[in-house]
Amino acid sequence: MVIYMQEQNFRIYYKNAPITSVIYIIGEESDDVISKIDIKNAALVFVPVENWNRDLSPYPAKTVFKGGEDFSGGADAFYQKLKEDIVPKAESALPLSDNCVRGIAGYSLAGLFAMYALTKGGFVLAASMSGSLWYPGFSDLLKNAELPKNACVYLSLGDKEAKTKNPVLKTVRASTEETQRILTSRGACAYFEITPGNHYTDTAIRIAKGINHLISITENEA
């Protein structure tokens, strides 16, 4: 079943009731992604993003791309819209189970936002595929942030993504590994997978793998 919330321009996909998990997928919606996800008893909520550098960056930072736009740090406002507007409207339209859990997922800068949202509350599961975890200062934020009890995280990265001359982007693998270490040291389950290719390789496959991982966690615990 597909539910379209026209005023917020987001779509919900689900097959079976009752729903045991709701996964909010930030900034990515395509038939290619959806076709690769084993939805089972999950619901997928695809949330569009108007301005990635503004809406998904947790605090202001200079661009790391030649000629690029600086990051203006609007993630808190986007998170509030998600928490106070999109989540209630989406979940009021769904046949949720009593023990339904909520997750969030994203690719690239949306993967960074997914990890940031995990620290803000309301989500137990998070998936960051090729996430921008190189973002200046984010490791320090994660070390000091509050994490939800029983948090589970999926991280993935292409094996060629750190092979760049860009001095910031080349730290992406070390930053992702550091994220996994921080999460594990704080009691969260954190799975890290290396996949073939650069940042633009098989993005639909990578997104779907992360979401399938989150769904499998809830199915195994059901």
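**Entry 1. Overall form**

I began with the radius of gyration: the protein chain has 16 Å, which agrees with the value near 17 Å that a compact globule of 222 residues would have. I took this radius over C-alpha atoms, and the globule rule is 2.2 Å times the number of residues to the power 0.38. The model is a predicted one, in which local features need pLDDT of at least 70 and side-chain atom pairs count only at pLDDT 80 or more, while totals for chains, interfaces and linings use all residues. Residues are numbered from 1 along each chain as its sequence is written, and side-chain values use heavy atoms, with hydrogens and water left out.

I then looked up the extent of the C-alpha trace, which spans about 50 × 35 × 35 Å along its principal axes. The chain holds 7 helices and 8 strands; these are DSSP runs numbered from the N terminus (helices H or I, at least four residues; strands E, at least two).

**Entry 2. Burial, contacts and surface**

I found that 51% of the 222 residues are buried. Buried stands for under 20% relative accessible area, exposed for over 50%, and partly exposed for what lies in between (1.4 Å probe, protein chains only). Of the contacts with a separation of 6 or more, 64% join residues 24 or more positions apart, a contact being heavy atoms within 4.5 Å. The accessible surface comes to about 10,200 Å², and carbon and sulfur atoms hold 49% of that. The areas come from the Shrake-Rupley method with a 1.4 Å probe; for residues, only the protein chains shown count as cover.

**Entry 3. Largest pocket**

I noted about 400 Å³ of space in the largest pocket. Its lining has 20 residues, and Phe65, Ser108, Leu169, His199 and Tyr200 are the closest to its centre. A pocket here is an open set of points on a 1 Å grid over the protein atoms alone, where a 1.4 Å probe fits, with protein on both sides within 12 Å along at least five of seven lines; lining residues have an atom within 4 Å of a point. By class I counted 8 nonpolar, 9 polar and 3 charged residues in the lining.

**Entry 4. Glycine 197**

I located glycine 197 in the loop between β8 (189–195) and α7 (203–221). It counts as buried because its relative accessibility is 8%. Beyond four places in sequence, glycine 197 touches Gly158, Asp159, Lys160, Glu161 and Arg206. For glutamate 161 I also noted the C-alpha distance to glycine 197, which is 7.3 Å across 36 residues of sequence.

Serine 139 lies in helix α5 (residues 138–144) and is buried, at 17% relative accessible area.

Glutamate 146 sits in the loop between α5 and β7 (152–158). At 65% relative accessibility, glutamate 146 is exposed. With neighbours within four places set aside, I found glutamate 146 in contact with Leu118, Thr119 and Arg186. Its C-alpha atom is 8.2 Å from that of glycine 121, 25 residues away along the chain.

**Entry 5. Tryptophan 52**

I placed tryptophan 52 in helix α2 (residues 52–55), and it counts as partly exposed at 26%.

Technical notes:
Points joined across faces, edges and corners; volume = space filled by probe spheres on them. Nonpolar A, V, L, I, M, F, W, Y, C, P; charged D, E, K, R; others polar.
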